[in-house]
Amino acid sequence: MKIIISNNGTPFYEQVKEALITAIITGDLKEDEILPSIRSLAKDLRISVLTIKKAYDELEKEGYIITKQGKGSFVSLQNLELIKELKQQEIEKYLTKIIEIAKLYNISEEEIIDLIKYLFRSDKNE
Amino acid sequence: MNNAIEIKDLIKKYDDKFTLKVPKLTITKGTIVGLIGENGAGKTTLIKCLLGIINKYEGQIKIFSKEEKEEYLAKEDIGVVLDNMFFPDILKPKDISIIMHDIYKTWDKNLFYNYLQKFNISPQTQIKKLSTGTKKKLEIATALSHKPKLLILDEPTSGLDPVVRREILDLFLEYMQNPENTILLSTHITTDLEHIADYIIFINKGNIILNATRDEILDNYGILKCGEQEFNTIAKEDIISYQKNRYDYQILVKDKKNMQKKYKNFIIDNITLEDLMVLKIKGANNERIN
């Protein structure tokens, strides 16, 4: 799992939260997998325990993880649909951008679809 | 009890010039608390009151729910590192272990020797032959080796290079893996605290002027930078304090996200604890002059 904390002005807890969500979406963190303890993650990232706790609290509130008293935090099963939706949302975001550019350059719907099909196939062949 | 330290109505008066006043302060177990402030702001005085080195004060100090106004003696639960070494420098680390074993019931010789090994300190070298950084590491190792629940450190990283400072911070983080443990440290090297501290307490002229979580401070405050004409367009209530320079104004603001919305064309930088200290201390002076 990769977690990068940058001094770019985004609050640290948001960066931790985003990194963990990405890990869940990409499958780096699997369903039911245990997350690092708050204190060990604080130590490894060299950031405040309260900062990590805030990230975990929000992840729990949003249904990505479940915290079991005395056992730790686990990637939540119940949120599978949400994760699927999120993945789709991410793809939609890029596709919208593609459509915008296509319109700008007068490229037709068919051409874009063909292009996507072509790229999908060449990706498989590799 | 969830509190490591509780202070109520503490007043310590030195002379007419300096009084430390702490109406109320609690430090929760399991947290790292950083005490920041100018030289002479009262950080060390507060620490000495906590340790009972200073015991003539008004008010009440409780450590682990016990009042500690008695003579300062070896307290099993508290590990202490003050800004100067309290061992005679002809001693060797192995002597320290023998002495501490007699003082603390909880002294863990193996743990102490593990630290020595980790820091590459020979048990046979006289303290006076050690470098400043190594001496500090030895002091911290000593404080940790009787397994205290509370670690109080006065300027533990001052005068040390970044590599040693990082080693020491990692040692603190290791210690904090036990959620029962608590650290209170004073420093003017605020960068050390910017990431790892859970709470920041800012003391100025004997008063606590800010006590908040690291995130509340660093994710919230910002510095708005602008010229003189623009400065006059900014609402007074948005200015916490400011510093007028020759070519620009630096204004301390709260809730930087909303401020950025309100003042779209202004630059609002993220704040460091150092900026905050300077603007709070110097900015206040500015207001008085104007």
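In chain B, 71% of the contacts with a separation of 6 or more are accounted for by residues 24 or more positions apart. The model described here is a predicted one. The secondary structure of chain B consists of ten helices and 14 strands, and its C-alpha trace extends over about 70 × 40 × 35 Å along the principal axes. Of the 290 residues in chain B, 36% are buried.

Buried residues account for 22% of the 126 residues of chain A. Taken along the principal axes, the C-alpha atoms of this chain fill a box of roughly 55 × 30 × 30 Å. The radius of gyration of chain A is 19 Å, whereas a compact globule of 126 residues would have a value near 14 Å.

Within chain A, helix H2 (residues 38-45) packs against helix H3 (residues 49-61), with the two axes 9 Å apart and at an angle of about 120°. Angles of 65 to 115 degrees count as roughly perpendicular and those over 145 as roughly antiparallel; H2(A) and H3(A) are therefore classed as oblique to each other. Their crossing is right-handed. On the side of H2(A), the contact is formed by Ile38(A), Arg39(A), Leu41(A) and Ala42(A), which meet Val49(A), Ile52(A), Lys53(A) and Tyr56(A) of H3(A). By residue class, this contact of H2(A) with H3(A) comprises six nonpolar and two charged residues, and no polar ones.

The contact between the two chains draws on 14 residues from chain A and 16 residues from chain B. On the side of chain B that touches chain A, the elements giving two or more residues are helix H5 (162-175), helix H6 (191-196) and helix H7 (214-218) of chain B. Among these, H5(B) gives the most, with three residues. The residues on this side of chain B are divided into six nonpolar, five polar and five charged.

Backbone geometry was also examined at individual loop positions. Most residues other than glycine have a negative phi. In chain A, Asn106(A) has a positive phi of about 60° although it is not a glycine. Asn106(A) lies in the loop between helix H4 (80-104) and helix H5 (109-125) of chain A. A residue counts as exposed if 12 or fewer other C-beta atoms lie within 10 Å of its own; Asn106(A) is accordingly exposed, because it has 7 C-beta neighbours inside 10 Å.

In chain B, a positive phi, near 55°, is found at Asp255(B), likewise a residue other than glycine. The position of Asp255(B) is in the loop between strand S13 (249-253) and helix H9 (256-262) of chain B. Asp255(B) has 13 other C-beta atoms within 10 Å and is therefore partly exposed.

Methods
Residues numbered from 1 in each chain as written. Chains lettered and ligands numbered in written order. Predicted model: local features only at pLDDT ≥ 70, side-chain atom pairs only at ≥ 80, totals over all residues. Contact = placed C-beta atoms within 7 Å. Helix = DSSP H or I, 4+ residues; strand = E, 2+ residues; numbered from the N terminus. Nonpolar A, V, L, I, M, F, W, Y, C, P; charged D, E, K, R; others polar. Buried ≥ 20, exposed ≤ 12 C-beta atoms within 10 Å, placed from the backbone. Rg over C-alpha atoms; globule rule 2.2 N^0.38 Å. Axes fitted to C-alpha atoms, helices over the stretch in contact; angles between N-to-C directions. Parallel < 35°, antiparallel > 145°, perpendicular 65-115°, else oblique. Left-handed = near helix turned anticlockwise from the far one by under 90°.
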